[in-house]
Amino acid sequence: MKLFVSEGNPHCLKVLAALEVTGVQCSIQFINHEEKVVPFLSRPSLPALLLPSGQFLFSSNAICRYLFEVNGQESNEPCNQWLEWEATVLQPALLQAFHMAVFQGKGSEVTQVLKGPLNLLDQNLSKGSLPYLIGEAVTLADVVLWAALHPILSDSSLTSDEHKSVKNWFDRVAAMHSCQSAAQKVLQGKGLQAMKSYMQKQPAPQSSQCRNSQPCNSNPAECEEGERVVSEEEMEAAALTWSKGLNTCSLATVTPNPILPQEGKRNILVTSALPYVNNVPHLGNIIGCVLSADVFSRYGRLRDWNLLFVCGTDEYGTATENKAREEGLTPQQICDKYHAVHASIYKWFQIDFDFFGRTTTEKQTEIAQNIFWRLDKNGYLVEDTVEQLRCENCRRFLADRFVEGTCPHCSYPEARGDQCDKCGRLINAVELREPQCKVCKKTPIIRSSKHLFLDLPKLETQLEQWLDKSTSTGDWTGNAKQITRSWLRDGLKPRCITRDLQWGTPVPHPDFKEKVFYVWFDAPIGYLSITANYTDEWEKWWKNPHQVELYNFMAKDNVPFHSVVFPCSLLGAQDNYTLVNHLVATEYLNYEDTKFSKSRGVGVFGDMAMDTGIPSDVWRFYLLYVRPESQDSAFSWADMAMKNNSELLNNLGNFINRAGMFVTKFFEGCVPAMELQQEDKKLLAVVGWELQQYIQLMDKVKIRDALKHILNISRHGNQYIQVNEPWKKIKGGDSERQRAGTVTGVSVNIACLLSVMLLPYMPAVSQTIRDQLNAPKSCINTMLQDTGTFVCALSAGHRIGTVSPLFQKLEADHIEALKKRFGGGQKTQQSAASTTPAAVPAPAVGVEVTTVVGVDPEKAKQLTKAVAEQGEKVRALKAQKAEKDVITAEVSKLLDLKKQLALAEGKSPEPASQKGKKK
């Protein structure tokens, strides 16, 4: 890495302080303010960090965040709030203060300009007894805010005694040698005067930009940021980019088959954790693995990366044997059946795998056994006797996940035989206190058996050397680094790789021919075998670490297997394997205020989401909106409805629909001529900045945070339309009609940009927008190149297609019915669903349904669907302004269905009847 900075630049003070505090290894080059480092920017921008990948970061806060993350210090939500406040509130005030002190000689007025932000900072610091902003130790937020305020607070002539808590905090941070060193390098003891040369190149501030608002603590996509300071240079640069239009040489649209690494391109291999075949995935499984990987893969293809996305079902193990016994099938038949179920669910969710395979293949046996023999040859396997839990009642050794008990580390009462979900520690089943067989609930006994182990302690030095490099140069999430560090801190122990089972990859060693490979050893090799089933040239991906970047997507409970155990297997094999460069782990997604449970009928599972009447793109949007990136989050029906109705319907959909309708209504379906004014150029600059933030975040796999910038752009667009009122100006004179045309043309081009940015998140909606706008295919290839290129894709005279609404409102009664349906108490129904994935057909509306005495879950399921469908029919008739008699008749049918649903749920029908009445 190489950091470019300049003397006298306060933003460079931030990044140098962060570099000194974290101790990250990075070369530093001081250059002139006007020297252009980032090749694709139209004007100089410092500081700039050149990454090992050849990409640049050129936002001071983004660079600071990156340095702390490389050091294993992921920023949390309070830290992010302070960074946002610093950028949107403090910086505009500081710019004005610097200008007054350096050029106007009004140092005495600086305190007044900064009074609002300093008051707020002082109040927060004085609330508790913590020495720093958010804890007992210095964080990213402390370094950034200290560096921002240093030119002012280090000069006693510019400060007052009013903010004592701020002064004490500032002095504590300033006492650190690393911060003193950074300040000396940038300001050289000259204080504000050292900044004069830098300040002369900056636009004059506007006093109205200084606002006293608090750090935003709501959901990122709902935060109302302070208005960015947009300079004249940014506006002109944005207008120049806009005028360039689309790339005439479009990128190749035909995907090669097979996809193989290419010289001179960024070759990305993406995997998502292999779902276990006989568990129907719930929403948490989907967002944690396949959906997150799909969004990143789609984005990578838009960026013209040479990318391969593989996944498949993990099919070996005891759970499959037991499921086969329950259903009277062979293990292979069970795998075939549920592999198809998984494939169907992922197809509905629009997961765009390049290949979706499975682990029960000859390639899996061949590759797993080859790795085994190489480990044996290289001396990394040891033999030992293992004490195992055996259920005498079931007459079998119990697989780890078929025994539960009390965790020996944290006393959690529902720890599994391999890992505790509460404390995350890996455990041996025999260590469990009060163990129970999950099948028959009997207490198992301990028996001995001879097994083979992977000698992890012998591989520990190699592993640590590789981890140091991978975690410092790659994008590992904070939880992945933390979980991995905790494993190494506790010391690695030999890990058993064989099992006393029948359904698995056979161990080829003659002394262990009755055993199979343990699933944790065998399953990750599935990534290799699945790729081998995709192409015979699979080694070009998996034995090519210098040309291929590997991204692993998973939930946090899978981290140790991907960061420690599987890499040790590949390192020990000594066969030039590609190891993970970027390990992306989510926290957990809960259901409302509890956990997903198929047996208790709690939560939405993949096969059920298809049966709700809600489009898959809306499911994708909401799951990504609440993606548990840095902490656990929860699915909520009420919140899903609110986000659909506010963000999709009223914000995003409203803007795109209005832009298109203005073209159709006012300009006969052709994009009008556009004459840009300063207001338009400012909007182009703001939208361009949001696009750049989106790309920086997506490059770092901050999928949830990047979504915020899509929604921000549509908010800017709605405000732009509202202020300019083209529907009024179109009725005025020539100049007003021209103005209406410009606003309409700019708006419809922003809608085109949004369609491209949305593609990774909502592929069907993205395609619909582009179809409605008749957008050129080359818009996809242009907008996301480099750091973002917002060009005029729909030029004057371009004819658009037919415009129609993109989203529908989710009504309260529909959502309430779904919440009841998936809220538990339907154990029988859910059990049936798990063995018979096909949806139960709803009764036809108008056909008499027998009234049920008492609770009837199966009937309730049918009626819930019928109510939802009839409700949609009524809403459609009302929207079409159908005859009153027709609507009344359909409403009557809806009320009758609601009565029957209430009876099936064991409730009085009267409330449902009352609720159905509308004024």
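These legends go with a few close-up views of a predicted model.

**View A. Helices α23 and α25 pack against each other at an angle of about 50 degrees.** Two packed helices are described by the angle between their axes and the distance between the axes. Here α23 covers residues 637-666, α25 covers residues 703-724, and their axes are 9 Å apart. On the α23 side, look for Glu647, Asn650, Asn651, Leu652, Asn654, Phe655, Arg658 and Phe662. They meet Ile710, Leu711, Ser714, Arg715, Gly717, Asn718, Ile721 and Gln722 of α25.

**View B. Helix α28 has several buried residues.** The helix runs over residues 763-773, and its buried residues are Pro763, Val765, Ser766, Ile769, Arg770, Gln772 and Leu773. What do they pack against? Their partners are α11 (283-302), α22 (616-625), α23, α27 (734-758) and α29 (778-783). Just past the end of α28 sits Asn774, with a positive phi of about 55 degrees.

**View C. His163 sits in the loop between α6 and α7.** Is His163 buried or exposed? With a relative accessible area of 8%, which is under the 20% cut-off, His163 is buried. Leaving aside residues up to four places away in sequence, His163 touches Lys115, Leu118, Asn119 and Asp122. With Asn119 there is a polar contact, side chain to side chain, at 2.7 Å. Leu120 is 43 residues from His163 in sequence, yet their C-alpha atoms are 9.8 Å apart in space.

**View D. Two prolines follow cis peptide bonds.** Most residues other than glycine have a negative phi, and most peptide bonds are trans. The bond from Leu46 to Pro47 is cis, with omega near 0 degrees, and Pro47 is in the loop between β2 and β3. Asn257 and Pro258 are also joined by a cis bond, with omega about 0 degrees. Pro258 belongs to the loop between α10 and β5.

**View E. Val701 and Glu725 both have a positive phi.** Val701, in the loop between α24 and α25, has a phi near 60 degrees. At 5% relative accessibility, Val701 counts as buried. Glu725 lies in the loop between α25 and α26, and its phi is about 45 degrees although it is not a glycine. Glu725 counts as partly exposed, at 25% relative accessibility.

How values were computed
Residues are numbered from 1 along each chain as its sequence is written. This is a predicted model: local features need pLDDT of at least 70, side-chain atom pairs count only at pLDDT 80 or more; totals for chains, interfaces and linings use all residues. Side-chain values use heavy atoms; hydrogens and water are left out. Axes are lines fitted to C-alpha atoms, for helices over the stretch in contact, and angles run from 0 to 180 degrees between N-to-C directions. Helices (H or I, at least four residues) and strands (E, at least two) are DSSP runs, numbered from the N terminus. Contact means heavy atoms within 4.5 Å. Buried means under 20% relative accessible area, exposed over 50%, partly exposed in between (1.4 Å probe, protein chains only). A polar contact is a pair of N or O atoms within 3.5 Å; within protein, one must be able to donate a hydrogen and the other to accept it, and residues adjacent in sequence count only if both atoms are side-chain atoms.
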